[in-house]
Amino acid sequence: YDANGNQIYLPEHTTKVAATGSAALIFQMFGGNEILCASNADFLDNNLTQTVFQDEGIAKTEKLWDGDGNSPMDATAFERLLALYPDCCVGISGKNTFSEEQIQTLKDNDIPYLVLPDCSSAYNIDTAVQIAGQAIGDNSDIGGLDAAKLAEEFIAYEEKLTKEVISKH
């Protein structure tokens with residue numbers, strides 16, 4: 001289920017994702033170095049992104065959204081996205097990463113559209129990580145990561161840190 005409560009059906013192995021901003025970061029961290037097939041300019045051109053993910057995978061990611069990716073890509077870029085045929089496209093709740101027409105076209109082309117919560121709170125970050133981990137699943141049998149397990153570990157670590165900080169006040 002995504003952040004909007006919609007049940008999303010994904011392939012057994014999610015290995016190609018189009019996402020922007022915080023969603024791109026989460027999928028890149030939990031999906032491995034080549035999971036992003038498309039993202040936005042601000043994310044891909046960011047020095048931190050290039051330093052942390054300095055591998056060939058991020059270099060191959062198509063830059064289909066201008067700026068922060070909070071507004072839909074143009075028609076030419078959307079056609080390029082469809083040609084990539086990602087396993088899913090990811091939006092952030094409250095953002096306009098895709099237009100309603102683009103979302104319908106994704107559905108018509110059997111490309112799942114998954115919505116993550118805006119990462120504006122610890123709870124939303126945990127929820128986004130959990131959804132992304134479940135969406136990617138366990139790709140260790142094909143040389144990838146077990147994203148669901150990594151997501152669980154991240155959430156447990158974050159909860160432990162939160163409890164430690166709260167106990168010191």
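Helix α5 spans residues 75–84, and four of its residues, Ala 77, Phe 78, Leu 81 and Leu 82, are buried. Here "buried" stands for under 20% relative accessible area, "exposed" for over 50%, and "partly exposed" for anything in between, using a 1.4 Å probe and protein chains only. Helices are DSSP runs of H or I with at least four residues, strands are runs of E with at least two, and both are numbered from the N terminus. Looking down the axis of α5, the buried residues sit within an arc of 145°, so they line one face of the helix; the arc is taken from the directions that lead from the helix axis to the C-beta atoms.

The model is a predicted one, so local features need pLDDT of at least 70 and side-chain atom pairs count only at pLDDT 80 or more, while totals for chains, interfaces and linings use all residues. Residues are numbered from 1 along each chain as its sequence is written, and side-chain values use heavy atoms, with hydrogens and water left out.

What do the buried residues of α5 pack against? Their partners are β1 (17–18), β2 (36–40), β3 (62–65), β4 (88–92) and α6 (100–108), where contact means heavy atoms within 4.5 Å. The helix lies across β1, β2, β3 and β4, and runs at about 135° to β3. Such angles go from 0 to 180 degrees between N-to-C directions, with axes fitted as lines to C-alpha atoms, for helices over the stretch in contact. At the start of α5, a side-chain oxygen of Asp 74 comes to within 3.1 Å of the backbone nitrogen of Thr 76. After the helix comes Tyr 85, with a positive phi near 45°.

Now for the sheet. Five strands make up an open sheet in the order β3-β2-β1-β4-β5, with parallel pairing; two strands pair if DSSP finds at least two bridges between them. The edge strands, β3 and β5 (113–116), each pair on one side only. Strands β1 and β2 run parallel and are joined by two bridges, and Val 17 stands opposite Leu 36 in β2.

Three aromatic pairs turn up in the structure. Rings of Phe, Tyr and Trp (its six-membered ring) pair if their centres lie within 6.5 Å, and planes under 30 degrees apart count as stacked, over 60 as edge-to-face and the rest as tilted. Phe 30 and Phe 154 have ring centres 6.0 Å apart and planes at 80°, so this pair is edge-to-face. Phe 30 belongs to helix α1 (residues 21–31) and Phe 154 to helix α8 (residues 147–167), so the pair ties together parts 124 residues apart in sequence. Phe 30 counts as buried at 5% relative accessibility, whereas Phe 154, at 29%, is partly exposed.

Trp 65 and Phe 98 also pair edge-to-face, at 5.4 Å centre to centre and 80° between the planes. This pair links Trp 65 in strand β3 with Phe 98 in the loop between β4 and α6, 33 residues apart. Both Trp 65 and Phe 98 are buried, and together with Tyr 113 they form one aromatic cluster.

Conventions:
Polar contact = N/O pair within 3.5 Å; in protein donor to acceptor, adjacent residues only side chain to side chain.
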